[in-house]
Structure formats: C-alpha cells, structure tokens
Amino acid sequence: MNSILDLILRLDCWLLLAPLLPGIINKVKAWVAGRRGPPVLQLYYDLARLWKKGVVMSTLASPAFVVLPAVTWVAVLGAAMLLPLGPLGAGLSFRGDALLLLYLLALGRFCTAWAAMETGSAFEGMGTVREVSYAVLAEAAMIAAVLSLSVQSGSISLAAMLAPAMGASAALLAAGLFIVLLAENCRVPFDDPATHLELTMIHEVMVLDHSGPPLAVILHGAAMKLLLFTVLLVQAVLPMAHLKPLLAAAVLAGGVLAVTVAVGLVESLLARFAFRRVPLLLTTAFLLCLFALLVAWKGGLP
Amino acid sequence: MIDSNLNVLIGLAMGLNLLALGTSRLPALIRAMSVQGVILGVMPLLMEHQLDWRVLLVAVATICGKGLLIPGLLRRAMRTVQIDRELEPLIGFVPSLLLGAAGTIAALALTHLLPLLPEHAGSLLVPGALATVLTGFILLIGRTKAISQVCGYLILENGIYLFGLLLIKAMPLLVEAGVLLDLTVGVFILGIIVDRIQRAFDSLDTRKLTALHE
C-alpha cells in the first residue's frame, strides 16, 4: 500500500509540476523585457484545450503518427522514474540504470524524429536532420557527464551516483550539463521556441503537423524532459545526501527554480547562435564534461 | 596547500589554452593570451615559501610584460592595420579544440612516464607546459592571419616559461629578464612586420606570402 502511495506521489510530482517550468521561463523572459507576459499556468490551459480537440491526420501518415508521440512520452516518463528525487529516492533503482536513462532519452528522440517524417514533409525532414545532428554532440557530452559522475562515486546506479558531492569538477560539470540542458530542450542559443521561422526552427518543425491530443502529449513530454534535465543538473552538482529530508527537498526545489530562472535569463540576454557556431558550443560542453571526468578520475592531482 | 593553489592556476591556464583555440575573434584571442600571461606571472610568488625580492621582480616583470605590454603592442598593430577581427582558420575551430583537448589529456596521462624529480611528481607544471606548447603549435599551424600566428608563438613561449618554473631556483634572474626583453622586442618587430605585410599585400593572410610577386 505504501509503495503504491509513493508511486502516486512521484507520478504527481513529475506529471503535474513539469508544465510549470516553461511557464516560469516565459514569465522571466517577460519580466526582463518589461512585459506582463502569459500566466505561469499557461501550458496547463494549452494542454487542456488541445486535449479536447480532434486529430487531423495526413493521408500519407500511418497510425504510427499518433502512437509515436505516446511512446516518446512514456520513454521520458520512464527515464524520470529512474531519476532520484532528493529525499524520495528513485522510483526504480538497479545496477546500471544510468545506461537505461541515456537509452530511454535516445528512444524518445528517435520516436519524435520518426513521427516527424511520417507526413512526408520535406520541411519536417529538415528539422529532424538538425535535431539529430545536434543530438550526436549533445549525447557525447551527456555520456561524458554520466561517466564522470560514475567515476566520482564508483557506481553505475543513479541513486548512488548523484548522492555524493562532485568536488572540484562540480563547476565544470555544471557548465557542461547546463549547455546540454539548453541543447536537449531546444532553448535559446540552439533553437528559439518562440519563433515560427523556417530558418530557426528545430524542435518546432518536427511537431508542426501534429494536432489535438498527440500535440498535447508532445508538449507535456517536452516539459517533462526539461524538468528531468533540471533535476539531474541540480542533483549532480549539489550534495544532498547528508541533509535532512525536508531541507533536501527544499534545496532541490530551490535549485530547480534557480536553473529555470537561469534558462529564462539566458533566453532573454542571448541571441540564437548561427548554425555554424552551434557545433563549437556543443563541443565546448563535451570538453567541459570530459575534463570533469578527467578531474574525477585523477582526483585533482595526477 | 601552496601546491594545490598552483595546480588550480595551471588548470586555469590550460582552460585559457582551449579558449584561445575555440575563439573566432582576434581580440578574444589576445585577451586569452594576456590573461594567461598574468596567471603565469603570479605563479613564481606561490612557488616560493618566503618572498624574495628577486622572485617578486620576476613576477612583476612577467605580469607587466606578458599581461600589459605585449598585448598592448598587438592591439596597436591590430588597430593601425585595420584588419577585420574574424579569424580564418586553416584547421577549423572544432577540430583544433578537439586536438588541443586530446593533447591536454595526453599530456596529463603521459607525464608520469617522464623521469621527473619526486617533488614535481604531484604538480601539474609539466603537463600544463606540454599542453600549452602544443596549443601554441596548433595556433601557429592552423591560423592564417599574421597576428594570430604571433599569438600562437606567444602561447608557445608561455609553455616554455611553465617548463622554466621547474628550474626557478637554478635559473638566474638575468636569464629570465633577458628572455622577457627578447620577447618584447620580438613582438615589437613583429608589429612592424605585420604593418609592412599589410602595406605590401593589402591583407594579413600569410598564404599570400608563398606566391612570388613582380
């Protein structure tokens, strides 16, 4: 009974809190620009509105067009279940779950890309190419980050990996993971979620032909992915193993809020990068994570 | 404690190496080089346990020379020839970053194979020096503008200076001062040469120097 309650609480945490993050980011952007901005709960309204609408299907698309967004959503939710939530611990924890987390995120991306190409639109194909080619570099950085966490803690289980303090390499890892967060969630230096211009779109292109409930699922999945990366970043950098449960929960929530506000500030203060400069930034993220790995491995002194 | 502070500084210098490799703007390259010079200048102060006036003099001379004078000369050369500030690399920014990172990692991993004195075994001085020298080589080979090649040469010299810190007790002050003076004069002359190249070819692209003109 207790474990069911725990599971429900955890699901509530991920499902209900996730759409809050894009709202906070938009609010920060509005504040910096001196506007009032949309309400923080805007994404909840959008999701409810989309859920009531019907689905428009292209005559070319197979049923996979509707199924794949759901698969993506389930993959991201599964990855979220593996991630420990501060004092709550992970919903599911076993040896090597860090690898499963990486593969679930990759599966989610694969399904989004496939669904984008279902309608046979060249435009969506272009967005898919961009997304996947950035992902090659972003995933390298992500793998290096997970490796450095694993070397630091001597474990390949997420719960054990995220508990101890990172030590000297925390700053390197934080910078690297933050860039990966921006890239993976298509935030500003890589992609502008606010525009609908052909030249600048990546993620938005891929979901252009979706409508109704599948689009709602995609939007909710994207918000959940943002929350997942934020929680991962906060837990990787801040040591929370020795804090009291309530304090740890407060630290985690504060950290997530701080990262979200930082994303909003980056979005307000930076322009989107030209496409040819994006690989350089992602390579930088990869190198930051690689050097974090090096510091973790050598323990500060060679 | 002193040793770990020194290692943090060397780590910073290694980070600046990668910054110099990854940047696409000439002013940023010069800034990275001058900050590295200042960091290098602070190092002798940390290595000595009691402050000696000669060490202090070397430190001040290095900080002024590498951190202010040489970058100032380069900036002046850049202003007088009015070149555009974008670098045009022969080796692209991503490959040169990856090369530099691979070199840094190799330097860290292979240093313990060298026959070092036991008191230098825990220090990052030797890997830092190797990585910086390699960065200088990559900049010299991979950039086409004359000024960016000068920057590569100066970063190469920074690496050699790092090596020299191993011998700080054995090397007389006079040698140190002579090296700094040579370097400053060298950069001064290079500034004039850059100006000449600009007048003769209307560009600072060193690839044009390989073709014969009437």
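**Entry 1: contact between two chains**

I count two residues as in contact if their C-beta atoms, placed from the backbone, lie within 7 Å. With that in hand, I looked up where helix α12 of chain A meets helix α4 of chain B. The model is a predicted one, so I keep that in mind throughout.

On the α12(A) side I found A:P279, A:L280, A:T283, A:L287, A:L290, A:L294 and A:K298, and they meet B:F93, B:V94, B:L97, B:L98, B:A101, B:I105 and B:L108 of α4(B). I sorted this contact by class and got twelve nonpolar residues, one polar and one charged.

How do the two helices lie? α12(A) and α4(B), which covers residues 93–110 of chain B, pack at an angle of about 5 degrees. Their axes are 10 Å apart. Angles under 35 degrees count as roughly parallel, so α12(A) is roughly parallel to α4(B).

Ten residues of chain A are in contact with 15 residues of chain B. The chain A side of that has seven nonpolar residues, two polar and one charged.

**Entry 2: α12 again, inside chain A**

Which way does α6(A) run against α12(A)? Helix α6 (residues 122–153) and helix α12 (residues 278–298), both of chain A, pack at an angle of about 15 degrees, with axes 8 Å apart. That makes α6(A) roughly parallel to α12(A). I also noted that α6(A) passes α12(A) in a left-handed crossing.

From α6(A) it includes A:Y134, A:L137, A:A141, A:A145 and A:Q152, and from α12(A) it includes A:V278, A:F286, A:C289, A:A292 and A:W297. By class, the residues of the contact of α6(A) with α12(A) divide into 20 nonpolar, three polar and no charged.

**Entry 3: the core**

Next I looked for the largest nonpolar core, and it has 143 residues. Which residues have the most contacts inside it? They are A:A141, A:A145, A:L233 and A:C289. The largest share of the core, 18 residues, comes from helix α10 (residues 212–237) of chain A.

Leaving out residues up to four places away in sequence, A:A145 touches A:L173, A:G176, A:L177, A:V180, A:C289 and A:A292.

A:L181 sits in helix α8 of chain A. Is A:L181 buried or exposed? I found 23 other C-beta atoms within 10 Å, and a residue needs 20 or more to be buried, so A:L181 is buried. Apart from residues up to four places away in sequence, A:L181 touches A:F229, A:T230 and A:L233. I also checked A:P193: A:L181 and A:P193 are twelve residues apart in sequence and 14 Å apart in space, C-alpha to C-alpha.

A:C186 is in the loop between α8 (170–184) and α9 (203–206) of chain A. This residue is buried too, with 21 other C-beta atoms within 10 Å. What about its backbone? Phi of A:C186 is near 55 degrees, which is a positive value in a residue other than glycine.

A:I4 belongs to helix α1 (residues 2–17) of chain A. I compared its place with A:L226: A:I4 and A:L226 are 222 residues apart in sequence and 26 Å apart in space, C-alpha to C-alpha.

How values were computed: Residues are numbered from 1 along each chain as its sequence is written. Chains are lettered from A and ligands numbered from 1 in the order in which they are written. This is a predicted model: local features need pLDDT of at least 70, side-chain atom pairs count only at pLDDT 80 or more; totals for chains, interfaces and linings use all residues. A nonpolar core is a set of buried Ala, Val, Leu, Ile, Met, Phe, Trp, Tyr and Cys residues joined through C-beta atoms within 7 Å. A residue is buried if 20 or more other C-beta atoms lie within 10 Å of its own, exposed if 12 or fewer, and partly exposed in between; C-beta atoms are placed from the backbone. Helices (H or I, at least four residues) and strands (E, at least two) are DSSP runs, numbered from the N terminus. Ala, Val, Leu, Ile, Met, Phe, Trp, Tyr, Cys and Pro count as nonpolar, Asp, Glu, Lys and Arg as charged, and the others, Gly among them, as polar. Axes are lines fitted to C-alpha atoms, for helices over the stretch in contact, and angles run from 0 to 180 degrees between N-to-C directions. Angles under 35 degrees count as roughly parallel, over 145 as roughly antiparallel, 65 to 115 as roughly perpendicular and the rest as oblique. A crossing is left-handed if the near helix is turned anticlockwise from the far one by less than a right angle, and right-handed if clockwise.
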